[in-house]
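The questions below ask what lies behind some of the terms used for this model. Each answer sets a value against a definition.

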Amino acid sequence: MATVNLSDYKPLQISNADSFRIGIVVSDWNDFVTYNLRDAAIQILEKEGVKKENIEIFSVPGAFELSYACMQLCAAENHDAVIAIGNVIRGETPHFDYVCSAVAQGIKDCNVMTDVPAIFCVLTDDKKEQSLARSGGNLGNKGVEAAVTALRMIEFRRNLNK
């Protein structure tokens, strides 16, 4: 378990963030976690200069569906980055392992098969308390990290194309 606040970051001060277009795909499953991640990501994106109208939110039923939605958004190339937000908490069956593996591979595939960065913000915790600690609790909010990563990857991609 992490022992530091995951949300500590220094402002990026990106000069052209107002032109960035970000898609955020959010799982409705475990929304007591995922909506906190979503809200933190949006807050950081706006704080860094991304216009509210350039942030699009898409809901999917669960974590497994994140891969499909993200691939569709990445393939359409209407966004500069796509953030996948989900939460899977270990249960009593191997279902946890299958879902987590499939989602990780699916988001990886978006990055390998398209030119749009897909950001993995899926908490895969053993207990509800761990998810809460990482979605606004004592360990910060991984949504902050996802937003910062999206911004940095957009800059990376734009710098490659100069």
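**Strands and a helix**

Q: What makes strands β1 and β3 a pair?
A: In this predicted model, 5 bridges join β1 (residues 22-27) to β3 (residues 81-89), and the two strands run parallel. Pairing requires at least two bridges, so β1 and β3 count as paired. One of the bridges has G23 with V82 of β3 as its partner.

Q: Why are β2 and β4 called edge strands?
A: The open sheet has 4 strands in the order β2-β1-β3-β4, with parallel pairing. β2 (55-60) and β4 (118-125) each pair on one side only, and an edge strand is named for that. From one strand to the next, the twist averages 15°.

Q: Which strands does helix α3 lie across?
A: α3 (residues 95-113) lies across β3 and β4, and runs at about 170° to β4. Helix α5 (residues 142-160) also packs on the sheet, where α5 touches β1, β3 and β4.

Q: How do you know that the span of α3 is close to the expected one?
A: The 19 residues of α3 reach 26 Å from first C-alpha to last, against 27 Å expected at 1.5 Å a residue.

Q: Why are the buried residues of α3 said to be on the same side?
A: The buried residues are F96, V99, C100, V103, G106, I107 and C110. They cover an arc of only 130° around the axis, so they fall on the same side of α3. These buried residues pack against α2 (66-76), β3 and β4.

Q: What makes Y98 exposed?
A: Exposed means over 50% relative accessible area; Y98, V112 and M113, on the other side of α3, are exposed.

Notes: Residues numbered from 1 in each chain as written. Predicted model: local features only at pLDDT ≥ 70, side-chain atom pairs only at ≥ 80, totals over all residues. Heavy atoms only, no water. Axes fitted to C-alpha atoms, helices over the stretch in contact; angles between N-to-C directions. Contact = heavy atoms within 4.5 Å. Expected span 1.5 Å × (residues − 1). Buried < 20%, exposed > 50% of the residue type's maximum accessible area, 1.4 Å probe, protein only. Arc of directions from axis to C-beta.
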